[in-house]
Amino acid sequence: MEVLTGAPFGAQVEESGVPYFDPPGWDPDRGLDVAAELLGWECERTKGGSSDDALERLRRGCEEGPVVVGPIEMGLFTHQPWSLGVADGTDHWVVVLEVTDEVVVMHDPEGFPYVTLPISQFMKAWQAEKMTFAGPYVMRSAFRKIRDVRVEDALRDSLPYTLEWLSKDSAAAVHRMSQMLAAGIDDSLREHLAGFAVRLGARRLDDAATWLAVIQQPQAAAVARKQATILGRLQFPIAQRQYTHAAELLKELAPGYEEMHQALK
């Protein structure tokens, strides 16, 4: 799923100054729609409205089957024992199974199957005030398969989309990240990189390498594996605040996206 969304194929620094290892202009909401379509699925995507309207939509959606809900504000998911109950802009998606009179029942891929959350808390998180790329109360329901698609075929069909993302200037974003590290970063940015962005970026690139090899793209797969290795090496120095060393390591990542683009072309 991550590979089909396009997430592994680039790097960006958002206008807010927060870096991510996904392509410039990419966001997970858009990526989810692309992946579902490539796999032969359709659904109804709805968003916005009042809290009461959204809750009613969710109730009706669950009557037909599981509902994918998100982005939500993960900082407000207080069933997670490490949650501080504060909106911090961390986006997340869940699968809602049922809405009772008191709670929302869901599978939370953070590791909580059949977990419940009081409706008022769930709705506050689902409002997603800081997720400007998608808006409030986004949900996907009424999933239906419209054609049978082999995973390998979906991956091959995704290559034009992959090339589009790889054509973006990810190298400039990587050099900017390197400059940020060389100048020193604050603890909040360190936590974002060491606790989330670096390990996720490495995992996505490693997944990309695996699946590119499956569909007979060995050169691009080798580049993706090298990119994953570079990001993996970045974890320790950032966690240990060795920012000068991390900045030098990160520079090695910059040319890889263009190399992957050329290999796939």
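Author: Two strands count as paired when DSSP finds at least two bridges between them. The model discussed here is predicted.

Reader: How many bridges join strand β4 and strand β5?

Author: Five bridges join β4 (residues 67-73) to β5 (residues 91-99), and the pairing is antiparallel. Within this pair, V69 stands opposite V94 of β5.

Reader: Which order do the strands of the open sheet have?

Author: The order of the six strands is β3-β8-β4-β5-β6-β7, and their pairing is antiparallel. A strand at the edge pairs on one side only, as β3 (41-46) and β7 (112-118) do. From one strand to the next, the twist averages 35 degrees.

Reader: Which strands does helix α3 lie across?

Author: Helix α3 (residues 51-64) lies across β3, β4, β5 and β8 (139-145). Its direction is at about 65 degrees to that of β5.

Reader: How do I judge the chain as a whole?

Author: Start with the inventory, which is 11 helices and eight strands. The radius of gyration is 19 Å, close to the 18 Å that the globule rule gives for 265 residues, so the chain is as compact as a globular protein of that length. Buried residues make up 49% of the 265 residues. Of the contacts with a separation of 6 or more, 68% are between residues 24 or more positions apart.

Reader: What is the distance between the closest N and O atoms of K145 and D148?

Author: A salt bridge needs a side-chain nitrogen of Lys or Arg within 4 Å of a carboxyl oxygen of Asp or Glu. For K145 and D148 the distance is 3.7 Å, so they form one. K145 is partly exposed, at 47% relative accessibility, whereas D148 is exposed, at 69%. The structure holds 17 salt bridges.

Reader: How far apart in helix α5 are D153 and R156?

Author: They are three residues apart in α5 (residues 151-157), which means a separation of about one helical turn. The side chains of D153 and R156 meet in a salt bridge of 3.3 Å, N to O. D153 is partly exposed at 31%, and R156 is partly exposed at 34%. Salt bridges can also link up, as in the network of D29, D33, R45 and R140.

Reader: Is R190 buried or exposed?

Author: R190, in helix α8 (residues 187-214), is buried yet has no salt bridge. The nearest side chain of opposite charge is D187, 5.2 Å away. Beyond its neighbours within four places in sequence, R190 is in contact with I185, G195, I238, A239, R241 and Y243.

Key:
Residues numbered from 1 in each chain as written. Predicted model: local features only at pLDDT ≥ 70, side-chain atom pairs only at ≥ 80, totals over all residues. Heavy atoms only, no water. Helix = DSSP H or I, 4+ residues; strand = E, 2+ residues; numbered from the N terminus. Axes fitted to C-alpha atoms, helices over the stretch in contact; angles between N-to-C directions. Contact = heavy atoms within 4.5 Å. Buried < 20%, exposed > 50% of the residue type's maximum accessible area, 1.4 Å probe, protein only. Lys, Arg positive; Asp, Glu negative; His and termini not counted. Rg over C-alpha atoms; globule rule 2.2 N^0.38 Å.
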